[in-house]
Amino acid sequence: MSNNKKTTIKDIANVLNISPAAVSKALHNDSRISAKTKEAVRRVAKDLNYQPNHLASALRKGKSNLVGVIVPRTNSNFFSSVVQNMEEELNKEGYNIIITQSNESYNKECRNIDTLLFTQVDGIIASMANETIDLQYYEKIKSKGIPLILFDRGENDLNVDYIGINDYDSSHLIVDHLVEQGCKRIAHIGGYKHTRIFNNRIRGYVDALKKHNLPLNSELLIESDLTTKDGREKMTQLLGLKNRPDAVYVAGDYAALGALQVLNESNIKIPEEIALVGFGNEPFTAMVTPTITSINQHSSEIGKQAAKTFLAHAKKEKVKQKLNKIILDAELIVRDSSNIKN
């Protein structure tokens, strides 16, 4: 038999001179098949390197025990921690996960959704790409009656389950802290307003400035992709202002790392001249010099709650499950980059 030809139940049946139906029953341990035949079928299946067609099985049973996961990127500790904790909870109940990443691309995200739907996953847990504005592909998931759970990044318009932290309050925590440190000209390098979590962080920043009677300067509010490269570019832009900020709040740790690099290269004293705060509590924030103050996003709890929310849907089966919206309290981890009054 050719090595590149996939073995089928019919191939096993031909070797043993029995019907494909008998082979299928033997592989599923059907009591109507003798122990001798079952043993023969398993031996030939192993010899021929037979692999079950899980897609066909899922189509027959209407259940695959697979959960699709979509993340913007896998090189983030936040997303990898969410997925790890999600997988642990799902594995306990006999589910496996298929992980896809959008790389912040709307088109790739759409292809990922199509692939997961074709694979007959029992549910999809996702965090949206930065580029995603059109929600039709997520509506497509809903239209098929497949449980959809969003975490971290998700849109209220979809009216689906959501797990994340309080992004609005997070910005208040950060601005309150910086004001306590004596900062008066606070810049914000944020994500894009069309993404709900970044819009909430921007709104929180703006309202917190008003609360402390600090002016809102348009030149200090910058939207970006929040990559390390963006952090470098936007920090350079802020340093080029005639009146520099005395603090910078960055809505993502990778961009905060880029900002830190520029400040260090420019021999600017951190936090005495410019204080810096990131978002996400990535492991490197505690390893760089100076260490970076950041918001803890409770990744492990988000992963567990996302999995439990899916399992609640799965156990209800066709019965309509009440929507689950879990908003976790933000936590500010104060480190050297903003601790002026230490």
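Mentor: Let us begin with I326, which has its place in strand β11. Please keep in mind that the model is predicted.

Trainee: Is I326 buried or exposed?

Mentor: I326 is buried, because its relative accessible area is 18% and the cut-off for buried is under 20%.

Trainee: And which residues does I326 touch, leaving aside those up to four places away in sequence?

Mentor: I326 touches Y162, I163, G164 and Q305.

Trainee: How far apart are I326 and P271 in sequence and in space?

Mentor: They are 55 residues apart in sequence and 35 Å apart in space, taken from C-alpha to C-alpha.

Trainee: Which way do the side chains of β11 point?

Mentor: They alternate along the strand.

Trainee: How many bridges pair β5 with β11, and in which sense?

Mentor: There are 4 bridges, and the pairing is parallel. Within it, K325 of β11 is the bridge partner of Y162.

Trainee: What holds paired strands together in general?

Mentor: Strands of a sheet pair through backbone hydrogen bonds, in either a parallel or an antiparallel manner.

Trainee: What is the order of the strands in the sheet here?

Mentor: The open sheet has 6 strands in the order β2-β1-β3-β4-β5-β11, with parallel pairing. Its edge strands are β2 (96–101) and β11 (325–328), each of which pairs on one side only. From one strand to the next, the twist averages 15°.

Trainee: Which helix packs on the sheet, and what does it touch?

Mentor: Helix α7, residues 136–143, packs there and touches β3 (123–126) and β4. The direction of α7 makes about 140° with that of β4.

Trainee: How is β4 joined to β5?

Mentor: Strand β4 (residues 148–151) and strand β5 (residues 161–165) run parallel and are joined by 3 bridges. For example, F151 has I163 in β5 as its bridge partner.

Trainee: Returning to α7, how do α6 and α7 cross?

Mentor: The axes of helix α6 (residues 106–118) and α7 come within 10 Å and cross at roughly 15°. That angle is why α6 counts as roughly parallel to α7. The crossing of α6 with α7 is left-handed.

Trainee: Which residues make that contact?

Mentor: From α6 they are Y106, E109, C110, I113, D114 and L117; from α7 they are Q136, Y137, Y138, K140 and I141. By class, the contact of α6 with α7 has 7 nonpolar, 1 polar and 3 charged residues.

Trainee: A change of topic: at what angle do α1 and α3 pack?

Mentor: Helix α1 (residues 9–16) and helix α3 (residues 35–47) pack at about 120°, with their axes 10 Å apart. The two helices are therefore oblique to each other, and their crossing is right-handed. I12, V15 and L16 of α1 make the contact with A40, V41, V44 and A45 of α3.

Trainee: How do the residues of that contact divide by class?

Mentor: The contact of α1 with α3 has 7 nonpolar residues, no polar ones and no charged ones.

Trainee: Finally, how do α10 and α11 pack?

Mentor: Helix α10 (residues 228–239) and helix α11 (residues 253–265) pack at about 45°, with their axes 6 Å apart. They are therefore oblique to each other, and α10 passes α11 in a right-handed crossing. The residues of this contact divide into 7 nonpolar, 5 polar and 2 charged.

Methods. Residues numbered from 1 in each chain as written. Predicted model: local features only at pLDDT ≥ 70, side-chain atom pairs only at ≥ 80, totals over all residues. Heavy atoms only, no water. Pairing = 2+ DSSP bridges. Axes fitted to C-alpha atoms, helices over the stretch in contact; angles between N-to-C directions. Contact = heavy atoms within 4.5 Å. Buried < 20%, exposed > 50% of the residue type's maximum accessible area, 1.4 Å probe, protein only. Parallel < 35°, antiparallel > 145°, perpendicular 65-115°, else oblique. Left-handed = near helix turned anticlockwise from the far one by under 90°. Nonpolar A, V, L, I, M, F, W, Y, C, P; charged D, E, K, R; others polar.
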